[in-house]
Amino acid sequence: AFSSLDRGPDSRLLLPRLQQNKHSDSSRTTQTTTMANHGRAYGLSAELAQKAKSKFDPKLQQEAQEWLEKLTGTPLAPNFADGLKDGRILCQAMNVLQPGSIPKINDTKMPFKQMENIGNFLRAAQAYGVSELDLFQTVDLYEQKNMNQVVDGIHALGRAAQRHGFAGPVIGAKEADHNPRHFDEATLRAGETVMPSQAGFTGGANQSGMNFGLHRQVADPTKKH
């Protein structure tokens with residue numbers, strides 16, 4: 001294929017360039033193939049993953065799974081994480097607690113549509129009264145990066161359902177109701193007269209016997225002979 005090049009005076013320059021270009025194209029192809037692979041976690045990422053794994057509580061996950069299955073009437077298959085990955089059951093559960101909160105649920109295997117379901121659930125749950133700090137992020141569920149937080153978010157949703165007086169199945173301990181305290185003016189003024197020990201009260205101690213500031217003397221003038 002290079003017979004015509006071999007006869008020319010620049011053949012020794014062209015051949016290495018062709019081989020170099022071929023090698024460069026091969027390298028680019030290899031890099032493109034491996035970019036989607038996250039690979040093994042190292043350093044801080046590995047430490048965080050191990051910490052999350054150590055906090056995993058199978059009992060809490062089982063409670064969350066059973067609650068969602070009761071709400072929706074749909075089993076989570078083949079397992080908890082994969083059954084929630086497309087976001088449909090979460091959206092269905094949210095619509096049971098708050099009818100119409102998620103008007104459209106995507107029924108497709110397209111990743112961005114499934115992640116859209118999860119995002120719609122998270123927004124609806126926050127509007128329902130679940131704190132953003134108690135919820136998870138889309139990637140925590142879709143890529144199963146933090147299933148502990150997913151379980152915690154479902155339990156937080158269950159507590160919110162109790163707070164709303166949901167008549168169906170619930171999960172988790174009921175949150176304490178807001179109980180503000182109101183005191184009249186006399187009670188507030190009476191509290192101002194109390195001096196706590198942190199304010200410097202020492203139970204009646206005084207400076208008796210202290211000789212700070214006196215000149216050095218052989219006999220202590222403060223003592224009676």
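**Close-up views of helix packing around α9**

**View 1. Helices α7 and α9 cross in a left-handed sense.** Left-handed here means that the near helix is turned anticlockwise from the far one by less than a right angle. In this predicted model, local features need pLDDT of at least 70 and side-chain atom pairs count only at pLDDT 80 or more, while totals for chains, interfaces and linings use all residues. Residues are numbered from 1 along each chain as its sequence is written, and side-chain values use heavy atoms, leaving out hydrogens and water. The axes (lines fitted to C-alpha atoms over the stretch in contact) of α7 (residues 111-128) and α9 come within 10 Å and cross at roughly 40°. Phe121, Ala125 and Tyr128 of α7 are in contact (heavy atoms within 4.5 Å) with Leu157, Ala160 and Ala161 of α9.

**View 2. Helix α4 also meets α9.** The axes of α4 (residues 58-72) and α9 (residues 147-163) come within 9 Å and cross at roughly 55°. That makes α4 oblique to α9, as angles under 35 degrees count as roughly parallel, over 145 as roughly antiparallel, 65 to 115 as roughly perpendicular and the rest as oblique. This crossing is left-handed. From α4, the contact includes Trp67 and Leu68; from α9, it includes Ile154 and Leu157.

**View 3. The largest nonpolar core has 35 residues.** Such a core joins buried Ala, Val, Leu, Ile, Met, Phe, Trp, Tyr and Cys residues through side-chain atoms within 4.5 Å, buried being under 20% relative accessible area with a 1.4 Å probe, protein chains only. Leu68, Phe121, Ile154 and Leu157 are among those with the most contacts inside it. Helix α9 gives the most to this core, with 8 residues.

Terms used: Axes fitted to C-alpha atoms, helices over the stretch in contact; angles between N-to-C directions. Helix = DSSP H or I, 4+ residues; strand = E, 2+ residues; numbered from the N terminus. Buried < 20%, exposed > 50% of the residue type's maximum accessible area, 1.4 Å probe, protein only.
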